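This briefing is for a reader who has not seen the structure before. Please look over the sequence and the model, then read the points below.

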Amino acid sequence: MNVLQNEEDVPQNESFDIKKEIVKLINEDLQITREHIAKELNISSKTVGRYLSKLGISWEGHPKTGHWKLP
């Protein structure tokens, strides 16, 4: 399994697509986990966290019953 470790491993033209896919997955399921996003996109959960920060997407509520808040 080829997992990208950080943003530098992602070519610039693919970087935009990953952001778009993260937003798409969150829009489909506001309670999706970072781990599930990472698995779907074949990247690490730490990389997902970096993209979420850059996109201004945050988790709101209890860790188990909360949801993602889009800007």
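**The tryptophan pair**

At 4% relative accessibility, Trp 68 is buried, where buried means under 20% relative accessible area, exposed over 50%, and partly exposed in between, with a 1.4 Å probe and protein chains only. The model is predicted: local features need pLDDT of at least 70, side-chain atom pairs count only at pLDDT 80 or more, and totals for chains, interfaces and linings use all residues. Residues are numbered from 1 along each chain as its sequence is written, and side-chain values use heavy atoms, with hydrogens and water left out.

- The structure holds one aromatic pair. Its rings, those of Trp 59 and Trp 68, have centres 4.9 Å apart and planes at 85 degrees, so the pair is edge-to-face.
- Rings of Phe, Tyr and Trp (its six-membered ring) pair if their centres lie within 6.5 Å; planes under 30 degrees apart count as stacked, over 60 as edge-to-face and the rest as tilted.
- Trp 59 is partly exposed, at a relative accessible area of 30%.

**The chain as a whole**

- The chain has three helices and two strands, in the order α-α-α-β-β from the N terminus. Helices (H or I, at least four residues) and strands (E, at least two) are DSSP runs, numbered from the N terminus.
- Of the 71 residues in the chain, 28% are buried.

**Helices α2 and α3**

- The axes of α2 (residues 34-41) and α3 come within 8 Å and cross at roughly 105 degrees. That makes α2 roughly perpendicular to α3, a term for angles of 65 to 115 degrees; under 35 counts as roughly parallel, over 145 as roughly antiparallel and the rest as oblique.
- Axes are lines fitted to C-alpha atoms, for helices over the stretch in contact, with angles from 0 to 180 degrees between N-to-C directions.
- On the α2 side, Arg 34, Ile 37 and Ala 38 meet Ser 45, Val 48, Gly 49 and Leu 52 of α3.
- Within α3 (residues 45-55), the buried residues are Thr 47, Val 48, Gly 49, Tyr 51 and Leu 52.
- Gly 56 follows α3 and has a positive phi, near 75 degrees.

**Ile 22 in helix α1**

- Ile 22 lies in α1 (residues 12-28) and is buried, with a relative accessible area of 0%.
- Apart from neighbours within four places in sequence, Ile 22 is in contact (heavy atoms within 4.5 Å) with Ile 37, Leu 41, Tyr 51, Leu 52 and Leu 55.
- Ile 22 and Leu 55 are 33 residues apart along the chain, and their C-alpha atoms are separated by 9.5 Å.
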